[in-house]
Amino acid sequence: MQMTSDFSCIQCTSSAAVTVWSDCKDYYLQKSCRVSYARCVGCGLIQQAPIPKDLAIFYDAYPIHKKKSWPYRLMRSWVMGSCYFNTRRHITSIKESALLLDFGCGDGWFLDENQAKNLNLIGFEANPGHATQLSNVLKIPVYADERALLRDHEGRVDVVTMHFVLEHLTDINHAFEIVHRLLKPDGIFYFVIPNIGSWEARVFGKKWHNLDAPRHISFPEAPSIKQLSERWGFDVVNSKSASFPNGVAASLSVVLTGRFRFLIYLLFLPVGILLSRLFPSGNAAYWLRKTAPLKAVDQKSQFGYFQ
Ligand SMILES: [Zn+2]
């Protein structure tokens, strides 16, 4: 067991941590940097240690934000659909004409899939140029400025979704706070994140596709979600493993060829689909409900960003 220096936990601010994986390569985009991950002694969160100052360079040529071809969109809907918030199933239990915010909406696929479902949709993307482009294509408001988003929608949103977003953020407390501010009382916060406690992560280790070093900053597990929920005024209503075949298929490509290769990934995709259906564990989905008012939360917390 090796203690790591230069650590500051993004969940609890503890400075004590134990190294989990060091010298992790970028097997996906082949960036030259290496990063390390450590588990916080205070709260158990696994995160990068230290967190690099400039993250923008890791997202050059990041394909997640590019518009996809229709065969890819069809495949994604079939293969990954179960990870995404199921509006058809759940929104009627909330109400018709609900306001749904997809925070970190990527290429806009989820918003686009949910057009014409009697929902009011809005998106958020941190890159202003990308947000404007998405907004023009989808004809849906896509914000790039959190203050503008709060100005227009604070306390008005029924559902906030974050699909594969939290693991990219350097400040998860801030994320929980802004979502709390945006939601109505009893509003739903749904998110899906990679599960570093999964059998996939244990089998593939540093070559696990969902590690996605250096872009994935932290891997909150159930105890972290519980602590963050209590701190920011949410109840954890439900959580489940989310089926995601990419983990196995892409990790096998890395193990066999030393990097992610799309054709090898496609070759192993049927195996990934089968295993992820039989033993879903590579990702976890959480369903939170806003309960406590933020004012009370602010008073008992050392955190707070918009006071
Ligand atoms: Zn911690």
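This is a predicted model: local features need pLDDT of at least 70, side-chain atom pairs count only at pLDDT 80 or more; totals for chains, interfaces and linings use all residues.
Residues are numbered from 1 along each chain as its sequence is written, and side-chain values use heavy atoms, with hydrogens and water left out.

**Overall composition**

The protein chain holds eleven helices and twelve strands, where helices (H or I, at least four residues) and strands (E, at least two) are DSSP runs numbered from the N terminus. Of its 307 residues, 53% count as buried; buried means under 20% relative accessible area, exposed means over 50%, and partly exposed lies in between, with a 1.4 Å probe and protein chains only. Among the contacts in the protein chain with a separation of 6 or more, 71% are made by residues 24 or more positions apart, a contact being heavy atoms within 4.5 Å.

**The zinc site**

The zinc ion is coordinated through the SG atoms of Cys9, Cys12, Cys40 and Cys43, at 2.2 to 2.3 Å; donors are N, O and S atoms within 2.8 Å of the metal (3.2 Å for Na, K and Ca), and water is not among the atoms, so sites may look incomplete. The angles among the four donor atoms run from 101 to 114 degrees, and the site is tetrahedral, a label given to four donors if all angles lie between 85 and 135 degrees. For four tetrahedral donors, the ideal angle at a metal is 109.5 degrees. Along the chain, the donors follow the spacing C-x2-C-x27-C-x2-C. Cys9 lies in the loop between β1 (3-4) and β2 (17-24), while Cys40 belongs to strand β3 (residues 35-40), so this pair ties together parts that are 31 residues apart in sequence. Cys9 is buried at 3% relative accessibility, and Cys40 is buried with a relative accessible area of 3%.

Ser224, in helix α8, is in contact with Gln11, Cys43 and Leu45, leaving aside its neighbours within four places in sequence. Ser224 counts as buried, at 3% relative accessibility.

**The sheet and its helices**

Seven strands form an open sheet of mixed pairing, in the order β7-β6-β5-β8-β9-β12-β11; two strands pair if DSSP finds at least two bridges between them. The edge strands, each pairing on one side only, are β7 (142-143) and β11 (234-242). Strand β11 runs antiparallel to strand β12 (residues 283-290) and is joined to it by eight bridges, with Val236 standing opposite Leu288 in β12. Helix α6 (residues 172-182) packs on the sheet, where it touches β5 (99-103), β8 (157-163), β9 (183-194), β11 and β12, and its direction makes about 145 degrees with that of β9. Helix α8 (residues 222-232) lies across β9, β11 and β12 and runs at about 155 degrees to β11. For these angles, axes are lines fitted to C-alpha atoms, for helices over the stretch in contact, and the angles run from 0 to 180 degrees between N-to-C directions.

The buried residues of α5 are Ala148, Leu149, Leu150 and His153, and they pack against β5, β6 (120-124), β7, β8 and α6. Gly155, which follows α5, has a positive phi, near 75 degrees.

**Salt bridges**

A salt bridge is counted when a side-chain nitrogen of Lys or Arg lies within 4 Å of a carboxyl oxygen of Asp or Glu, and by this rule there are nine.

| Salt bridge | N to O distance |
|---|---|
| Asp26 and Arg215 | 2.7 Å |
| Arg39 and Glu221 | 3.4 Å |
| Arg181 and Glu154 | 3.7 Å |

Asp26 and Arg215 form a salt bridge that links distant parts of the chain, with Asp26 in the loop between β2 and β3 and Arg215 in the loop between α7 (199-204) and β10 (218-219), 189 residues apart. Both Asp26 and Arg215 are buried, and together with Asp212 they are linked in a network of salt bridges.

Arg39 and Glu221 meet in a salt bridge that links strand β3, which holds Arg39, with the loop between β10 and α8, which holds Glu221, 182 residues apart. Arg39 is partly exposed, with a relative accessible area of 36%.

Arg181 and Glu154 form a salt bridge between helix α6, the place of Arg181, and the loop between α5 (146-153) and β8, the place of Glu154, 27 residues apart. Arg181 counts as buried at 16% relative accessibility, whereas Glu154 is partly exposed, with a relative accessible area of 42%.

Notes: Four donors count as tetrahedral if all angles lie between 85 and 135 degrees; four count as square planar and six as octahedral if opposite donors are over 155 degrees apart and all others between 65 and 115; anything else is irregular.
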